[in-house]
2 protein chains.
Amino acid sequence: MSGRIRNHRMASKVVEADEAARLIPAGANVGMSGFTGAGYPKEVPGALAKRLAEANASGDPMRVSLWTGASTAPELDGALAEADGIELRLPYQSDPVSREKINSGAMDYTDIHLSHVAQRVWQGFLGPLDVAVVEISGITEDGRLIPSSSVGNNKTWIDQADRVILEVNSWQSEQLEGMHDIYYGTALPPHRNPIPLTEPGDRIGVPHLECPPEKVVAVVETESPDRNTVFKEPDEVSRMIAGHVLDFLGSEVRHGRLPQDLLPLQSGVGNVANAVLAGLGDGPFHELTAYTEVIQDGMLDLIDSGTLRTVSATAFSLSPAAVERFNNNAADYRERILLRPQEISNHPEVVRRLGCLAMNGIVEADIYGNINSTHMMGSRVQNGIGGSGDFARNAYTSIFVTPSTAKSGAISTIVPMVSHVDHTEHDVDVLVTEQGAADLRGLAPRQRARKIIEHCAHPDFRPALRDYYERSLAGSHGGHTPHLLDESLSWHVKYLREGTMRA
Amino acid sequence: MSGRIRNHRMASKVVEADEAARLIPAGANVGMSGFTGAGYPKEVPGALAKRLAEANASGDPMRVSLWTGASTAPELDGALAEADGIELRLPYQSDPVSREKINSGAMDYTDIHLSHVAQRVWQGFLGPLDVAVVEISGITEDGRLIPSSSVGNNKTWIDQADRVILEVNSWQSEQLEGMHDIYYGTALPPHRNPIPLTEPGDRIGVPHLECPPEKVVAVVETESPDRNTVFKEPDEVSRMIAGHVLDFLGSEVRHGRLPQDLLPLQSGVGNVANAVLAGLGDGPFHELTAYTEVIQDGMLDLIDSGTLRTVSATAFSLSPAAVERFNNNAADYRERILLRPQEISNHPEVVRRLGCLAMNGIVEADIYGNINSTHMMGSRVQNGIGGSGDFARNAYTSIFVTPSTAKSGAISTIVPMVSHVDHTEHDVDVLVTEQGAADLRGLAPRQRARKIIEHCAHPDFRPALRDYYERSLAGSHGGHTPHLLDESLSWHVKYLREGTMRA
């Protein structure tokens, strides 16, 4: 019995990954762990992919529907998509192979607010959850499960699945035990109660996942690392965006609209988000908190420097160097970091109560402040909406960030009309590019347009945006949100035809 | 001293409306009561409009910014807009004169989720609230205010305003006293606590509005009715839509996804909503509850018939006949009806917890399930988003309803791409027209398109929608949400040019 499996009954269920994968029936709905490349199963998906590929090659096709927390890694999403083994994928993914299959029509993808997933599964209209495949970092003597580097929807998968396959990953730090806060108080209406969380650091649950032992049909042992990607230093554009965000926050404090220690930060994943975090490390703010989805390298830095007091999230997404740093100091970090189920990390009730400052990246914005977070040129999905809607709608202040151009300047990310909408004008408080910040709060559409064009758009595209807006003022059917509908998407059409939005 | 003003100090402040209106300075931010034509001040707005019109005619222009609960009536919104007296209007309106001014660019309008308004005013970035003008139905001996036929943002206006003008309306039933539940537990973060409401009928506050007497600069007495509009019997199309909604709810109960007494109903205002309520009266459901914004005639019927056990709302919107019925039985209704501030009636925390069944009307939907609730042909605002976003995003099931055509069949309300988005594909569970219902839950965009075209679109428009969709499948940049961007808004362009979307 491995040191990670301290329960005899569970130890007796250890099998090879191939054997475990054979327990997943054709056509099954499979709930797997994994959030932002952390805590996903490492062995069973590959074995399942092999089985699916063989079945598909043999003329007896076999597919499954795959539900996760959020994005995983090539050895999960990539392998299953490569095998043409996924019927329907939800609620978020970022895998390049899957993206191709989805956009070629070979695979269906349902893009859901991350806080909505658990209740939608309980509601039952997605069908039964046949099998859960969940990575954990260990099993206690009495059979409780020690979660891994992400929590995601694991509680729900284990509760809802008919059968559970566990992957015990001894690569994960043993020090993770005690860091998680698994809340078992959620329910379907009319049996819901207030979620008793009023500070990001509040512990409202238990540190372990609970699973009836009879549900566990297989346990697989692994020692494989998460998809940890190397941390890139922020580039100049990201640093400029971060600077505008920090200026805005500072101004809010000076105007008495934010306390000196701000409000709990939510930060999307990526280069710009990391730059904002890096900027906070240099800034005048102390004793901050974060109530967010993902803990990136920058958050560890802020904890180390004392800028950040507490971080609540549902997953890590660290570089290999940061993982090492974390493992060497896990006991200290455990005082300041909590990992929760994503239904709690992203819960509208809690986000609204805490008053998060939500910062999320986008694909494009239009001159009236509508946001496209997901679709290239209106039709090609990139990743998904993730938790941005959970946070933006309920935030104290919702901030969206993007470089003002893309594709080496061929694309303006500020367009007359977005080609797809994920966040409406009603949910967008502040828009920031490297050019500046547009504070849209309380403004009517025409006021927003002038501010976005002059503060956020790249100077190369400003004349054409002004021209569109002025002509819309004159020629629009209605003047509340002036548009020329035969021209409003012409920038995208031009890009598709000529490879550039430039005149 | 009138029988409605039982406090001596307040009685000493009674003045004529003209005098009260002179206490409103030029350029002021003015918060007025009023929600769906109920409980708005009847006298001071007209006096203010006269003053503004005179100033504007004299070459010394004067305007105010007007904040309310939601829509009011011609003698408020209409009179002030007619006088060109409104600089900025928020958060919702439905007045025809205002609509013209907004769409001609003469007046700015900020369309805000109704649950967001109070916190945005507290946050302070809309500027100070200079004056509140609030209708009440009486003043108690110790100076507490008995609310009127709507609560809306009145608590916030009174709390935030420098000066308060009260209109005591003795047309309102004295029996309203005790029906309201004013919750004083909200705060700005980081001082927020759970809202202790777990059933629609829970009383969590007090029956009166509190106002420091020194803030009250004037009291005006009135005896004028609300904008009660005559109730129209549902037409055939509305009855068919209602039938599909009721079939859907029945099917959910049979599948075990809804309890027999359903979950708290939220129902938008209008003909279709009333038809659904009428249908519920004939249906198999009993002991229902509603957690909604507005109490229409249909809700009173359901209370009378015993179908509806409890209704929580923020306002009435009754016909004259229903008002009379209410007044004759107010004591009984008071056992079953609560009126709350709109920050509570629409609060995402509460809507999510209760698991509302949200039913709202729309302007148009597209084949992928995106919803336009506000803009005609993408630019001309009709009313506003109101509370539809508060409810739809957080509902247990969000249902959107519309006739499949408008303008005598010239417009298809199911289009290739909506011309404005208020509710994204992520927030739309079920779309219903008189043609049928499309249950979109868990579906990917391509699956949704087929379902919406075949179940919801008018048969006259189905071939053209199928044709667009099939050609998009072949010619789209990406295949997740197939679109031909040079054609996606062409139905709207055609309507603007030719007055019809028909081929």
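Is A:Arg4 buried or exposed? That is where this note starts, and the rest goes through the model point by point.

1. **A:Arg4.** This residue sits in the segment before α1 (8–11) of chain A. With a relative accessibility of 10%, A:Arg4 counts as buried, because the cut-off for that label is under 20%. One polar pairing to look at on screen: a polar atom of the A:Arg4 side chain lies 3.3 Å from the backbone oxygen of A:Asn169.

2. **Confidence.** Keep in mind that this is a predicted model. For chain A, the average pLDDT is 96, and 100% of the residues score at least 70. The ipTM is 0.97, and the pTM is 0.97 as well.

3. **How the two chains relate.** Turn chain B by 180 degrees, with a shift of 0.0 Å along the axis, and it can be laid on chain A with an RMSD of 0.0 Å. The two copies are therefore related as by a two-fold rotation axis. If you want a landmark for that axis, take B:Glu349: within chain B, its C-alpha is the nearest to the axis, at 2.1 Å. Both copies use the same surface, since 100% of the contact residues of chain B recur in chain A.

4. **The annotated domain.** UniProt, in an unreviewed entry, places "domain: Acetyl-CoA hydrolase/transferase C-terminal" at residues 331–468 of chain A. In the model, that stretch is 28% helix and 26% strand.

5. **The annotated binding site.** The unreviewed UniProt entry also lists a "binding site" made up of A:Gly268, A:Val269, A:Gly270, A:Asn271, A:Val272, A:Asn383, A:Gly387 and A:Lys407. The next two points take one listed residue each.

6. **A:Val269.** You'll find A:Val269 in the loop between β9 (265–267) and α9 (271–282) of chain A. Its relative accessible area is 48%, so A:Val269 is classed as partly exposed. Leaving out residues up to four places away in sequence, A:Val269 touches A:Thr36, A:Val294 and A:Gln296.

7. **A:Asn383.** This one is in the loop between β19 (380–381) and α15 (388–394) of chain A. Residues up to four places away in sequence aside, A:Asn383 touches A:Tyr92, A:Gln93, A:Ser94, A:Arg99, A:Tyr109 and A:Thr374. With A:Arg99 there is also a polar contact: the two side chains are joined at 2.8 Å.

8. **Strand β10 of chain A.** In a regular strand, side chains alternate between the two faces of the sheet. Strand β10 (residues 288–291) of chain A has A:Leu288 and A:Ala290 pointing one way and A:Thr289 and A:Tyr291 the other way, and all are buried. β10(A) runs parallel to strand β12 (residues 308–313) of chain A, and four bridges join them. Within β12(A), A:Val311 is the bridge partner of A:Ala290.

9. **Strand β2 of chain B.** Here B:Val64 and B:Leu66 point one way from β2 (residues 64–67), B:Ser65 and B:Trp67 point the other way, and all are buried. Strand β1 (residues 29–32) of chain B pairs with β2(B) in the parallel sense over three bridges. One of the pairings to look for is B:Val30 with B:Leu66.

10. **A three-strand sheet in chain B.** This open sheet has the order β17-β16-β23, with mixed pairing. Its edge strands are β17 (371–372) and β23 (414–415), each pairing on one side only. Strand β16 (residues 364–366) runs antiparallel to β17(B), joined by two bridges. B:Ala365 stands opposite B:Ile371 in β17(B).

11. **A:Glu335.** Last stop: the loop between α12 (330–333) and β14 (337–339) of chain A, where A:Glu335 is placed. A:Glu335 has a relative accessible area of 69%, which means that it is exposed. From C-alpha to C-alpha, A:Glu335 and A:Thr310 are 8.2 Å apart in space, although 25 residues apart in sequence.

Conventions: Residues numbered from 1 in each chain as written. Chains lettered and ligands numbered in written order. Predicted model: local features only at pLDDT ≥ 70, side-chain atom pairs only at ≥ 80, totals over all residues. Heavy atoms only, no water. pLDDT = per-residue confidence, 0-100. UniProt positions renumbered as here; feature names shortened; annotations may be inferred. Least-squares fit on C-alpha atoms with pLDDT ≥ 70 in both. Contact = heavy atoms within 4.5 Å. Buried < 20%, exposed > 50% of the residue type's maximum accessible area, 1.4 Å probe, protein only. Polar contact = N/O pair within 3.5 Å; in protein donor to acceptor, adjacent residues only side chain to side chain. Pairing = 2+ DSSP bridges.
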